[in-house]
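The following dialogue is a tutorial on reading the features of a structure, one at a time.

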Amino acid sequence: MCNEKFCAKFANMKDLVSYTGGYRSLIAYRKAEIIYDITYYFCEKYLKRGDRTIDQMVQAARSGKQNIIEATEAAATSSETLLKLLNVARASLHELLADYEDYLRVRNLRMWANDSAEVKAMRKLGREHDDSEYFLALAQSRSDEVISNMAIVLIHQADMLLSRYIQYQYNIFVKNGGFRESLTKARLDFRNKH
């Protein structure tokens, strides 16, 4: 329990350090989680043990997901860290995208064209479903070619969502400033009242 004077001094702290977190509510996070789960399954099923690609793909997928978590948790005190980590998540997903494209290319498997019926259907599924279990069940009944293409479409969707979220957070920063500005304003407000 704090005394009245101490509590009054820090009454606005909740406003100053607004907890953001809430990464599970972000569609981009849920999409990244789906991508991680599909990638883990894909690597376990279709790549040979000892292949360095397994670690690289799983780590890129994990980094895409985990950096969204870290970004949203860091957002309370650092807009810069938020934006940097969201971009790291995007970069990791792009690395994974290249791995899936390489997998298809070196094995002479078909990559779905952007205007193909398969891509359109997968985009629709990506918009309608955001739970990993749904896509994992789908992947478990598909070939390596189909899973790779599914992942490619989902990565493009996650990238678009992350790009929009980065722009949104950037606009908030430009409009409202960051944590340092909030600290300075709080200090000036305190001085002016006392």
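This is a predicted model: local features need pLDDT of at least 70, side-chain atom pairs count only at pLDDT 80 or more; totals for chains, interfaces and linings use all residues.

Q: How many helices and strands are in the protein chain?
A: Helices (H or I, at least four residues) and strands (E, at least two) are DSSP runs, numbered from the N terminus. The protein chain has nine helices and zero strands, and its pattern along the sequence reads α-α-α-α-α-α-α-α-α.

Q: What percentage of the residues of the protein chain count as buried?
A: A residue is buried under 20% relative accessible area, exposed over 50%, and partly exposed in between (1.4 Å probe, protein chains only). Of the 194 residues in the protein chain, 40% are buried.

Q: What part of the contacts in the protein chain joins residues 24 or more positions apart?
A: A contact means heavy atoms within 4.5 Å. Among contacts with a separation of 6 or more, 76% are between residues 24 or more positions apart.

Q: Which residues touch the most other members of the largest nonpolar core?
A: In soluble globular proteins, nonpolar side chains tend to be buried together. A nonpolar core is a set of buried Ala, Val, Leu, Ile, Met, Phe, Trp, Tyr and Cys residues joined through side-chain atoms within 4.5 Å. The largest such core has 50 residues, and I38, I68, L86, L96, Y100, F135 and M150 touch the most other members. Two or more residues come from each of α3 (27-46), α4 (52-74), α5, α6 (117-128), α7 (132-139) and α8 (144-176). With neighbours within four places in sequence left aside, L86 is in contact with I68, A71, L162, Y165 and I166.

Q: Is C43 buried or exposed?
A: C43, in helix α3, is buried because its relative accessible area is 1%. Apart from neighbours within four places in sequence, C43 contacts I54, M57 and V58. The C-alpha atoms of C43 and V58 are separated by 7.6 Å, although these residues are 15 residues apart along the chain.

Q: How far does helix α5 reach from its first C-alpha to its last?
A: The expected span of a helix is 1.5 Å times one less than its number of residues. Helix α5 (residues 79-106) has 28 residues and reaches 41 Å, close to the expected 40 Å. E80 lies in helix α5, and its C-alpha atom is separated by 9.0 Å from that of F173, 93 residues apart along the chain.

Q: How many salt bridges are found in the whole structure?
A: A salt bridge is a side-chain nitrogen of Lys or Arg within 4 Å of a carboxyl oxygen of Asp or Glu. The whole structure contains seven salt bridges. One of them joins D102 and R105, with the closest N and O atoms 2.8 Å apart.

Q: Why are D102 and R105 separated by about one helical turn?
A: An α-helix has 3.6 residues a turn, so residues three or four places apart point the same way. D102 and R105 are about one helical turn apart because they lie three residues apart in helix α5. D102 is partly exposed at 32% relative accessible area, whereas R105 is exposed at 52%.

Q: Which side chain of opposite charge is nearest to D99?
A: Lys and Arg count as positive and Asp and Glu as negative, while His and the chain ends are not counted. D99, placed in helix α5, is buried and has no salt bridge, the nearest side chain of opposite charge being R105 at 8.9 Å. With neighbours within four places in sequence set aside, D99 is in contact with Q56 and M57.

Terms used:
Residues are numbered from 1 along each chain as its sequence is written. Side-chain values use heavy atoms; hydrogens and water are left out.
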